[in-house]
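Work through these exercises with the model in view. Try each task before you read its solution.

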Amino acid sequence: MSLLRKNIAEMAGYVPGFQPENEAEWIKLNTNENPYPPSPRVREAILAELGSNGGNLRKYPDAASREFRQVAAKLYGFDPSWVISANGSDELLNNLIRACAGEGEEIAYVHPSYSYYATLAEIQGARVRTFGLTENGQVADFPEQYTGKVFFLTSPNAPLGFAFENDYIKQLAGRCSGVLVVDEAYVDFATENALVLVKECENVVVTRTLSKSYSLAGMRLGLAVARPEVIAALDKIRDHYHLDRLALVAASAALRDQAHLRETVAKICATRQRFVADLQQLGYRVLDSCANYVFASPPDRNGRRVYDGLYQRKILVRHFTDPLLAHGLRISIGTNAEMDATLAALNEIG
Ligand SMILES: Cc1ncc(COP(=O)(O)O)c(C=O)c1O
């Protein structure tokens, strides 16, 4: 007799991007981390919160993350009742499924995109459906009325890098009976975002992370913008002290320093542009990207061969065994020096 629920006993579990033990020896371009440090205001805020003897840590954090929500709400032009904070946007993706899809009910997402949605649905006992992409980057065979409980749209798409246009997202929202979650983990590197649709459409939720553009993957911070009734539901099911005191002050400090965000994003986008041109010179096919990574395939369309060659040279990128993606690699954009080293290695590998 198993002590576990059947779906938990049978599921495989999500495998995150490889994390080498001796990180400093590697050029790590496999999990879309930001190569630049976060705003200096983040460090100052953490030190101030710690004080001289860490005394504040005796006390529980603000369970409602009021300051973080207020700062985010002001930044994005919403009332704070439309915003929720999270321990990474992964927490929100999980809680959206828990809030909206019961056991046996359906959620869907676009394949290829972020496969963690499927793992979260499996934990909940929800059914999973995937929709492919058409040649021109639209959702293939999407029904006139999709009756599943949650549809996740990753925009910009990971790992391909393109973004869906708002007109199109709005059209999809009108065809969803349930919630349309626009996962905007990478949107700060793009030119358009879907926040306006949260106001225009009753069922659109936008999730964001501070892991990528704000260089805070190590602090685990995310947020969502949605109608107050959805936010209230997400508030009911989250852990009450889900964000610690240091994370909370770091989040507010990071969001307040928009100049730092703009500067970092501009550097990464400039490096991306140069890296794409250099890859094309090497004969690689590179998809247009509005994120901090590119999806590129070598002339022989053997992504695994190039992955192995880079790995031997202590450069980590992401290779997916999925047949739709195995011909290429997802390469995060690092510093100029890291991308130069990667290009030199690719040149050698041939
Ligand atoms: C598309 C997408 N959504 C969400 C996440 C999760 O981000 P977080 O670090 O905020 O949990 C990632 C992380 O890689 C991602 O690629």
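**Exercise 1: A loop with prolines**

Pro 159 sits in the loop between β5 and α6. Helices (H or I, at least four residues) and strands (E, at least two) are DSSP runs, numbered from the N terminus. This is a predicted model: local features need pLDDT of at least 70, side-chain atom pairs count only at pLDDT 80 or more, and totals for chains, interfaces and linings use all residues. Residues are numbered from 1 along each chain as its sequence is written, and side-chain values use heavy atoms, with hydrogens and water left out.

Task: Is the peptide bond from Ala 158 to Pro 159 cis or trans? Then do the bond from Ser 155 to Pro 156.

Solution. 
- Step 1. The bond from Ala 158 to Pro 159 is cis, with omega near 15 degrees.
- Step 2. The bond from Ser 155 to Pro 156 is cis, with omega near 0 degrees.

**Exercise 2: The largest pocket**

Take the terms first. On a 1 Å grid over the protein atoms alone, a cavity is a set of points where a 1.4 Å probe fits but cannot get out. A pocket is an open set with protein on both sides within 12 Å along at least five of seven lines. Lining residues have an atom within 4 Å of a point. Points are joined across faces, edges and corners, and a volume is the space filled by probe spheres set on them.

Task: What volume does the largest pocket have, and which helix gives the most to its lining?

Solution. 
- Step 1. The largest pocket holds about 1300 Å³ of space.
- Step 2. It has 48 lining residues; Tyr 14, Pro 16, Gly 17, Tyr 114 and Arg 318 are the closest to its centre.
- Step 3. α4 (89–100), α5 (116–124) and α11 (303–312) each supply at least two lining residues.
- Step 4. α5 gives the most, with four residues.

**Exercise 3: The ligand**

Solution. 
- Step 1. The ligand's space is the largest pocket. A molecule sits in a pocket if more than half of its atoms lie within 2 Å of the grid points.
- Step 2. Residues around the ligand (a heavy atom within 4 Å) include Gly 88, Asp 90, Thr 154 and Arg 220.
- Step 3. Look for polar contacts, here pairs of N or O atoms within 3.5 Å. A polar side-chain atom of Asp 183 is 2.7 Å from a ligand nitrogen atom. For Tyr 186, the distance to a ligand oxygen atom is 2.7 Å. For Ser 211, the distance to a ligand oxygen atom is 2.6 Å.
- Step 4. On its own, the ligand has 400 Å² of accessible area (Shrake-Rupley method, 1.4 Å probe), and the protein covers 91% of this.

Definitions and conventions:
A polar contact is a pair of N or O atoms within 3.5 Å; within protein, one must be able to donate a hydrogen and the other to accept it, and residues adjacent in sequence count only if both atoms are side-chain atoms.
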